[in-house]
Structures are given as structure tokens and as C-alpha cells.
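Hello,

Here is the structure we talked about handing over. Please open it first; my notes follow.

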Amino acid sequence: SFRQDHGLEGKKVIVYVGAHGVANNLIQAIETAELIKDDHPEVLFLFIGDGMQKEMLIEESSKRGLSNVMFVGLVPKSEVFKYISASDFGTSILKKVDTFKTIYSNKTFDYMSCRKPILMAIDGVSRKLIVDSGSGVFVEPENPGDFAAKIRQLLQRTPEELEVMGTSGYNYAKQHFDRQQLAAHYITHLQRVGA
């Protein structure tokens, strides 16, 4: 299976897809991996993507002797979805900056389309998205202690409860963010304003 082939067998995989840059501040996930490794050795952080901080993150992981962190380079979109599907949770992470409170992380919608519960470490509209859709939990940005606590919370949920989360996210995204839906709304709006 894909999980076996990629060393994910028997793990609770938290996947991050996206840039590994300054704005992403992924060191908070490395610090979280360190906090959770002893009481939950089954948890694996899987990072997919590339960016300026990737080398530093890899170095930090090995310096801390973390075996619960895995890095994969840039992969084609179709492969990305295989990784997400093989994971248990998706995570969206950005630096704690006010500007980011007004934007959605597009990767969040990839997790939703694969019906994965989400650990959302971005405040503002992204946090509201998770709360409104019931698709995951909010993590205080740049707070590894809270991140670890939220992972532990999710691990206590039954498979049924997690499935409900994933499905809620999927349905919500389809209803509110589906491109065809958005296009239809947009056209109706244009007609209404007489454009």
C-alpha cells in the first residue's frame, strides 16, 4: 500500500503541504514534534514541499534527534493528494502576523477535499472556517504546547468522530468554496449590480 511504501504504516500522520519559508514558521511544528514524541511515538509529522527554511528545519530535526518528522520534496499535485489521503490529519501553519488573519491557506481546502480533520495554526478567517465547518481544531499560532495538547485531544476522539470532522469539512468546502458555486454566485452578483 502507499502507506507501507512510504514508511507511514502504523503511524498517526499529520501532513503539512506547502512552502517551507519564513512566513510559514514551521519550526513550531518541529518543537511540537519534540513535545509529543515520548507520550505519542505513533505521531509522525510529514512535511511536503520546499522553501528557504527547509534545510534549517531538517537540521533542527536531526539536532533534536527527532524520528517523528519526515520531509518529502516537491511532488506533483496528484502525488500530493496520495500523501494527504494516506495521512490522518492535515495541518495549516503560518507565522503569527495580523496580515494572515485575513487570508485562507489554500492547502486547507486540499485537506478538506480529502476529508481529513485539520489542525489549524492560523487565526482569523482560517480559524473561523474550522469552527464554522466543524472540520478540526484551532491551534494557538506559535504555541507548541497548545499544538501538542490539540493533537492529544484529536487522538482521544473515536474514528467515527474524526470521520464526522473530515466529512463536515468536505461538505462545507463543497457548499461554500466550490469553484462552480463561487462562479455561480459571482454571475448572480454581476447580474444584480447590472454589470
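What covers the buried residues of H8 includes strand S4 (89-93), H5, helix H6 (125-133), strand S6 (136-138) and H7. Contact here means heavy atoms within 4.5 Å. Helices (H or I, at least four residues) and strands (E, at least two) are DSSP runs, numbered from the N terminus.

This is a predicted model: local features need pLDDT of at least 70, side-chain atom pairs count only at pLDDT 80 or more, and totals for chains, interfaces and linings use all residues. Residues are numbered from 1 along each chain as its sequence is written, and side-chain values use heavy atoms, with hydrogens and water left out.

H8 has 19 residues. From first C-alpha to last, H8 reaches 26 Å, close to the 27 Å expected at 1.5 Å a residue (1.5 Å times one less than the number of residues). Buried in H8 are Leu162, Met165, Gly166, Gly169, Tyr172 and Ala173. Buried means under 20% relative accessible area, exposed over 50%, partly exposed in between (1.4 Å probe, protein chains only). Seen down the axis of H8, the buried residues fall within an arc of 130°, so they line one face of the helix. The arc is taken from the directions from the helix axis to the C-beta atoms. Pro159, Glu160, Glu163, Val164 and Gln175 are exposed on the other side of H8.

Now the pockets. A pocket is an open set of points on a 1 Å grid over the protein atoms alone, where a 1.4 Å probe fits, with protein on both sides within 12 Å along at least five of seven lines; lining residues have an atom within 4 Å of a point. Volume is the space filled by probe spheres set on the points, which are joined across faces, edges and corners.

The largest pocket holds about 410 Å³. Its lining has 13 residues, with Phe109, Ala173, Phe177, Asp178 and Arg179 nearest the centre. H5 (106-113) gives the largest share, five residues. H8 (159-177) and H9 (179-193) each supply at least two.

The second largest pocket has a volume of about 220 Å³. It is lined by 13 residues, and Asp88, Pro117, Pro159, Leu162 and Glu163 lie closest to its centre. Helix H7 (144-156) and H8 each give two or more residues to that lining. H8 gives the most, with three.

Last, one backbone point. Asn25 has phi near 45°, a positive value in a residue other than glycine. Asn25 is buried, at 14% relative accessible area.

Best wishes
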